[in-house]
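Please look over the sequence and the structure below.

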Amino acid sequence: MKIGFLGAGGIARKMAFTIHKLENPENMKKTLEQMQEGKENGEPLPLPEVECTAVAARDRKRAEIFADTFGFRKAYGSYEELLADQEIQMVYIALPHSLHCKWTKEALKAGKHVLCEKAFAMNETQAREMTELARKKKKMLAEAIWTRYMPSRRIIEDIIKKGELGEVHTVSANLGYPVSKKERMIRQDLGGGALLDLMVYPLNFASMVLGNRIKGISASYIKDAHGVDGQDQVILAYEEGKMAALFATMYTMTDRTGWIYGEQGILEVQNINNPEGIRLYRHKEGHEPFLVKEYKIPPQITGYEYEVAACALASLRGEGECKEMPHEETIEMMRQLDQIRKNWNCF
């Protein structure tokens, strides 16, 4: 699978490093094993192969420097040039949110599979256009929301399914980084603000635990001087009587912790953006919760390897989406983001 990058920013640098590591078959095999993937009907699948082949940026010199740094064979000064390259099989979209829809569709029209960074699009309408075109073109399209693909997701789901927490009623999660000086975060035309860049993680965390049978959303925000949302607070009320309380900010570093509260126990997830540890607590009436067990997270390259491996495997199987983050789920998350903005009645 020869991969071309649209964009040569910080997230593209991290992805390039990751894919180069996955070019080693042993690393790909280990990644699939951590995901408990790579087999079909009990038989091993051929290992997917990936390669960083080309990168495109608006400035050719920038693309050439990126290519030299990370070992890409080709560098282009426009996105159109890369999409015209017949050697490229999959395109990684590492552009600002406002450009995801346009260039995902252009890549699909050019006959490429696509891995598009989160947030997948600017709104639900765009997300539907992108996924419908992928189905029409019979190409694989996936959202690069890395937490959906990580082994930590399976660990958390297994704990809940085994009844370690009893019935789960409540989730809380937060994510904050001091990124308010970054241009992409403060420009409205690029889809800036905390919602699309940061709140997507608490929203996905809640979705992975409580599902999406939401009966009501209430939300508030603090507007930044540039007109974007700098801090967000969201409360999700579910049909089953469950609730999620979520917070995101682009001004400060938060503890980034996710808490899952059940009738018999509590689960602490350290850093919902890339889980570093999981702790199980028990509680008894009248007593403080006490630690019962700690779960180790498998060692990783960067954490991006799981989404890349999932996309390569889906393509190998001739599938149009990844089971870890199917199109229906991507569209649902965009619907929730739209509902939050509608609740704000300002964007």
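**Briefing**

Leaving aside neighbours within four places in sequence, Asn274 is in contact with Trp146, Met150, Gln300 and Thr302; contact means heavy atoms within 4.5 Å. The model is predicted: local features need pLDDT of at least 70, side-chain atom pairs count only at pLDDT 80 or more, and totals for chains, interfaces and linings use all residues. Residues are numbered from 1 along each chain as its sequence is written, and side-chain values use heavy atoms, with hydrogens and water left out.

**Asn274**
- Asn274 sits in the loop between strand S14 (265-270) and strand S15 (277-282); strands (E, at least two residues) and helices (H or I, at least four) are DSSP runs numbered from the N terminus.
- With a relative accessible area of 14%, Asn274 is buried (under 20% relative accessible area; exposed is over 50%, partly exposed in between; 1.4 Å probe, protein chains only).

- Asp197 belongs to helix H9 (residues 194-210) and is buried at 8% relative accessibility.
- Leaving aside neighbours within four places in sequence, Asp197 is in contact with His97, Lys118, Arg184 and Met185.
- UniProt, in an unreviewed entry, places "domain: GFO/IDH/MocA-like oxidoreductase" at residues 157-268; its positions are in the numbering used here, feature names are shortened, and annotations may be inferred rather than shown by experiment.
- Residues 157-268 are 23% helix and 40% strand.

**Cysteines**
- The count of disulfides (pairs of cysteine sulfur atoms within 2.5 Å) is zero.
- For Cys52, the nearest cysteine sulfur is that of Cys311, 14 Å away.
- The closest cysteine sulfur to that of Cys311 is in Cys322, at 3.9 Å, too far for a bond.
- Cys52 is buried at 2% relative accessibility, and Cys311 is buried at 0% relative accessible area.
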